[in-house]
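The following exercises are to be worked through with the sequence and the model side by side. Each task is followed by a solution in steps.

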Amino acid sequence: MSGNGLISSIRRLIRPEERLTRSTPSPFDHLRQQMDDVLGDGGILKEVVQSGEGPPVPENASVLIHYSSFLEYSDRPFETTTYYKYPRMMKLGRDVTLAGLELGLLTMRKGEFSRFLFQPQYAYGDMGCPPLIPAAAVVLYEIQILDFLDSGQVDDFITMSPEEQNTVPLSTLLQVVSTQRSFGNRCFNQSRFDHAKDRYKQATLLLGNRETQSDAEAERIKAALLPLYLNLSLTELRLDRPHKALKYGNKALEIDSANTKALFRCGQAHLELREYESAQGCLITAQAKKPFDSDINNLLRKVAICYRDSLDKQKELYSKMFRDLRGLKM
């Protein structure tokens with residue numbers, strides 16, 4: 001986010017005594033010369049600093065952005081997200097309350113970095129927001145689109161009854177499920193495992209409610225369920241719930257009995273449950289499919305060590321029991 005330096009460099013071109021002279025262009029005046037009018041009324045001006053790719057942000061989408069907002073002649077933003085490692089995902093129409101910001105986001109693409117100037121009617125109005133924002137303030141926003149998800153489509157689908165959901169094309173359902181999985185993945189990467197689990201489970205329920213019309217449709221449903229079961233298994237492991245992790249791992253194996261990720265997840269769950277023979281069985285099967293996979297081999301060694309230690313402890317326990325019994329007989 002480079003607005004801080006940009007405003008400073010423009011300010012250096014203007015002597016302090018000239019700032020009060022109306023004929024002298026202000027910093028925002030300099031910016032306007034290189035900006036495009038988004039709506040045609042001069043209320044939202046935009047400069048693309050770095051182009052994005054793909055389609056523009058759709059209405060009612062959920063967006064992940066970094067932004068900084070500045071007042072004129074200010075070196076520091078009055079609001080910024082750049083200090084956050086994981087900025088909050090915001091839903092258009094609900095979480096984004098600034099009209100200009102929402103309208104500006106709808107013109108952007110994934111990866112894009114742009115600057116916007118918002119007139120008061122698209123920002124904080126004639127009243128401003130004292131004491132932070134003065135009356136009738138024009139504000140500069142620098143925005144970078146990190147990612148967005150078409151959550152509007154998900155919202156529309158979920159509000160349908162199960163009967164209505166079954167009338168939409170399967171491709172629409174699969175898009176909704178893919179979006180839900182992407183939400184779950186983002187939550188998982190931020191260590192918000194409960195939220196990730198909820199997204200994955202909702203996606204599996206939507207797929208489970210589908211009345212398939214053919215064997216081909218049923219296979220596509222299974223193909224969409226497989227990564228969700230794998231994700232749920234891993235998420236339950238992160239939540240220290242090995243029994244549930246094993247349940248979802250087995251569901252994945254019901255779809256693809258040779259899936260090495262599912263075998264590995266089941267091996268992890270069995271290890272957490274101290275079911276060492278079962279863990280070995282899963283991991284040896286996975287190793288046969290991928291003999292040089294370091295994760296499988298390392299976990300197999302760990303299981304072998306834990307199994308050996310468990311047997312040694314059992315042997316020591318039984319030996320002590322027999323000694324105690326002999327002592328009682330004497």
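**Exercise 1.** State what share of the protein chain is buried.

Solution. Buried residues, meaning those under 20% relative accessible area with a 1.4 Å probe and protein chains only, make up 44% of the 330 residues in the protein chain. The model is a predicted one, in which local features need pLDDT of at least 70 and side-chain atom pairs count only at pLDDT 80 or more, whereas totals for chains, interfaces and linings use all residues. Residues are numbered from 1 along each chain as its sequence is written, and side-chain values use heavy atoms, with hydrogens and water left out.

**Exercise 2.** Determine how helix 8 and helix 10 are arranged relative to each other.

Solution. Begin with the axes: those of helix 8 (residues 215-238) and helix 10 (residues 260-272) come within 10 Å and cross at roughly 25 degrees. Because angles under 35 degrees count as roughly parallel, helix 8 and helix 10 are therefore roughly parallel to each other. Next, list the contact (heavy atoms within 4.5 Å), to which helix 8 gives Leu230, Ser233, Leu234 and Leu237, while helix 10 gives Lys261, Ala262, Arg265, Gln268, Ala269 and Glu272. Sorted by class, this contact has 5 nonpolar, 2 polar and 3 charged residues.

**Exercise 3.** Identify the buried residues of helix 4 and the elements they pack against.

Solution. In helix 4 (residues 151-158), the buried residues are Ser151, Gly152, Val154 and Phe157. The strands they pack against are strand 4 (62-71), strand 6 (90-91) and strand 9 (139-149), and the helices are helix 5 (162-165), helix 6 (170-189) and helix 7 (193-208).

Conventions
Buried < 20%, exposed > 50% of the residue type's maximum accessible area, 1.4 Å probe, protein only. Axes fitted to C-alpha atoms, helices over the stretch in contact; angles between N-to-C directions. Helix = DSSP H or I, 4+ residues; strand = E, 2+ residues; numbered from the N terminus. Parallel < 35°, antiparallel > 145°, perpendicular 65-115°, else oblique. Nonpolar A, V, L, I, M, F, W, Y, C, P; charged D, E, K, R; others polar.
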